[in-house]
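The following report concerns a protein model and is meant to be read alongside the sequence and the coordinates.

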Amino acid sequence: DKVCHELLLSEDIARAFQNEDVFENGIISRDKLGKLVFNNPEMKIKLENILYPKVRDKIIEFFESFSGESVAFVAIPLLFEAGMEALFDKIMFIYCEDEIRLNRLIMRNGYTQEYAKLRMNSQQPQSAKIQKSDFVINNNSTFENLDKQIESVLEQLIIKD
């Protein structure tokens, strides 16, 4: 997410959306851009076609910088949507029940229920992501519980290497 947020400020994105109402004080507003692309499939594809190759390059850069390590961990929320599975040896999917996801999006970002559902529905179903993943972690509980599960998977990965 952090890398994507930084990339949204790139000149390529600004040029591509220069004729759209997505700017505030001369800078792309993530909120305005999100509303545009999640309500317009053509604009969403336009953004993805610019953003995904840049994200891929950043991931490859990251892996190169940690090439001597036994494990390098990357969090990429739209891994399957971006078609980047082949970049990874193992995939850990963080699963959360849709109702909890919906409520968390509304609470964290202040989205309306309709807009939060629109964003969620733009992603592949979680059931499909589970099938494509090596590890599935349940995130229906607390951050502490999530951390313990992630640590357990990472320990398994380190022991296997």
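## Basis of the description

The structure is a predicted model, in which local features need pLDDT of at least 70 and side-chain atom pairs count only at pLDDT 80 or more, while totals for chains, interfaces and linings use all residues. Residues are numbered from 1 along each chain as its sequence is written, and side-chain values use heavy atoms, with hydrogens and water left out.

## Overall architecture

The protein contains nine helices and four strands, where helices (H or I, at least four residues) and strands (E, at least two) are DSSP runs numbered from the N terminus. Read from the N terminus, the order of the elements is α-α-β-β-α-α-α-β-α-α-α-β-α. Taken along the principal axes, the box filled by the C-alpha atoms is roughly 50 × 35 × 25 Å.

Of the 161 residues, 29% count as buried; buried means under 20% relative accessible area, exposed over 50%, and partly exposed in between, with a 1.4 Å probe and protein chains only. Among contacts (heavy atoms within 4.5 Å) with a separation of 6 or more, 59% are accounted for by residues 24 or more positions apart.

In helix α3, the residues L33, G34, L36, V37 and F38 are buried, and what covers the buried residues of α3 includes α2 (11-16), β2, α4 and α7.

On the α3 side the contact is made by L33, L36, V37 and F38, and on the α4 side by P41, M43, K44 and L47. The residues of this contact of α3 with α4 comprise seven nonpolar, no polar and one charged, where Ala, Val, Leu, Ile, Met, Phe, Trp, Tyr, Cys and Pro count as nonpolar, Asp, Glu, Lys and Arg as charged, and the others, Gly among them, as polar.

## Helices α6 and α7

Helix α6 (residues 98-109) and helix α7 (residues 113-121) pack at an angle of about 120° with their axes 9 Å apart, and α6 and α7 are therefore oblique to each other. The crossing in which α6 passes α7 is right-handed. Helix α6 contributes D98, R101, L102, L105 and I106 to the contact, and α7 contributes Q113, A116, K117 and M120; the residues of this contact of α6 with α7 include five nonpolar, one polar and three charged.

## Individual residues

S29 sits in the loop between β2 (27-28) and α3 and counts as buried at 8% relative accessibility. A polar atom of the S29 side chain lies 3.1 Å from the backbone nitrogen of K32, and, leaving aside neighbours within four places in sequence, S29 is in contact with V22, F23 and E24. In the loop between β1 (23-24) and β2 lies N25, which counts as exposed at 81% relative accessibility; the phi of N25 is near 55°, a positive value in a residue other than glycine.

M43 belongs to helix α4 and is buried, with a relative accessible area of 15%. Not counting residues up to four places away in sequence, M43 touches F17, E20, L36 and V37. The C-alpha atoms of M43 and E81, which are 38 residues apart along the chain, are separated by 15 Å.

Methods. Axes fitted to C-alpha atoms, helices over the stretch in contact; angles between N-to-C directions. Parallel < 35°, antiparallel > 145°, perpendicular 65-115°, else oblique. Left-handed = near helix turned anticlockwise from the far one by under 90°. Polar contact = N/O pair within 3.5 Å; in protein donor to acceptor, adjacent residues only side chain to side chain.
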